[in-house]
Amino acid sequence: MRIAVIQATSQIIKNELLFCTTKKYALDSEVYNFGCTSSDAETFSYIEISVLIGLLIASNSVDFVVTGCSSGQGMMLACNNMPGVLCGYAPTPKDAYLFAQINNGNVISLPLGEEYTWAGEENFEQTIKSLFSEPFGQGYPKSESSRKLQDTALLKQIRKNSQVNIIDLLNNLDKKMIQKVLSKKDVISFIVEKGTNSEILRWIEKQIKYC
C-alpha cells in the first residue's frame, strides 16, 4: 500500500508524530510525508488540504491518506466532498479498526488538537495501530462479514453515482484556491511522477501552464 501523510497547517506540531506513528504501524507500506511543516512557504487550511487529498486519490498516486486537523471533523467533512474519497473520523482505536474493516475507505481523519496529554498520545498511537492491525475490508463482526461487505460496496456505488466528475469539481473551484493548491509543489510533483490517471495529469499540466 502507498500511503500519504498530510494535515492542515494548524497542526504542524503534530506532523512528525503523525508520520512516524504511521510508518511504525503501516508495515510493508510506502509512507510519504507531505507535511504541512514549518518549511512550507504557504499555510494551508483543512479545505485546501482536502482538495490535495482528492487529487492524490483520484490520480491513483496513493492508495490511502492519513490526515487530520484540530478536531478531525472538518477535515473528514471536507474530504468527503471530494469525488472518489471515502473518509472516516477516528478519535479512538475502535473507530479506526471498524472504519478499516467495515467501511474500507481510503482516507482517515484524526483529531490532532484534542487531549494531547500523555494519555492523548497513547490513544493516538493505539488508534493508528488499530487502523493498520489487519488487512482492510474484511468485515466485522466476522460472523456478519459478508453482509457488511455488501453494504460497503453498495455505499461506495451510491456515492460514486451521486458525485460529479473530479475535473468538473476542480474547474468550478475558486481560481485563487486552485493556485494555492498547486503551490504545494511536493504533492503536485509526486502526483505528476506517480499518478496514473491521465485526465488528472492533463488537468494539472494545463493549470500550471496558464498560472
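Predicted model: local features only at pLDDT ≥ 70, side-chain atom pairs only at ≥ 80, totals over all residues.
Leaving aside its neighbours within four places in sequence, which residues is N106 in contact with?

Residues are numbered from 1 along each chain as its sequence is written, and side-chain values use heavy atoms, with hydrogens and water left out.

**View 1. N106 sits in the loop between α4 and β5.** Helices (H or I, at least four residues) and strands (E, at least two) are DSSP runs, numbered from the N terminus. Beyond four places in sequence, N106 is in contact with I57, D63, F64, V65, G84, V85, L86 and F99. Contact means heavy atoms within 4.5 Å. N106 is buried, at a relative accessible area of 14%. Buried means under 20% relative accessible area, exposed over 50%, and partly exposed in between (1.4 Å probe, protein chains only). I191 is 85 residues from N106 in sequence and 16 Å away in space, C-alpha to C-alpha.

**View 2. Five strands form an open parallel sheet.** The strand order is β2-β1-β3-β5-β4. β2 (30-33) and β4 (87-89) are the edge strands; each has a single partner, so one side of each lacks a neighbour in the sheet. Neighbouring strands are turned by 20° against each other on average, direction ignored. Two strands pair if DSSP finds at least two bridges between them. β1 (residues 2-5) pairs with β2 in the parallel sense over four bridges. Here R2 stands opposite E30.

**View 3. Strand β3 is largely enclosed by the rest of the structure, because six of its six residues are buried.** F64, V66 and G68 point one way from β3. V65, T67 and C69 point the other way. In a regular strand the side chains alternate between the two faces of the sheet. Three bridges join β3 to β1, in parallel, and I3 stands opposite F64. Five bridges link β3 to β5, also in the parallel sense. V65 has V107 of β5 as its bridge partner.

**View 4. Helices α2 and α4 lie across strands of the sheet.** α2 (residues 46-58) lies across β1, β3 (64-69) and β5 (107-111). This helix runs at about 175° to β3. α4 lies across β3, β4 and β5, at about 155° to β4. Axes are lines fitted to C-alpha atoms, for helices over the stretch in contact, and angles run from 0 to 180 degrees between N-to-C directions.

**View 5. I53 and L170 touch the most other members of the largest nonpolar core.** This core has 39 residues. A nonpolar core is a set of buried Ala, Val, Leu, Ile, Met, Phe, Trp, Tyr and Cys residues joined through side-chain atoms within 4.5 Å. Its largest share, eight residues, comes from α2. Beyond four places in sequence, I53 is in contact with I6, V65, T67, M75, C79 and V107.

**View 6. Helices α4 and α6 pack at an angle of about 80°.** α4 spans residues 93-103 and α6 spans 145-162, with their axes 9 Å apart. The two helices are therefore roughly perpendicular (65 to 115 degrees; under 35 counts as roughly parallel, over 145 as roughly antiparallel, the rest as oblique). Q101, I102 and N103 in α4 meet K148, L149, T152 and K156 in α6.
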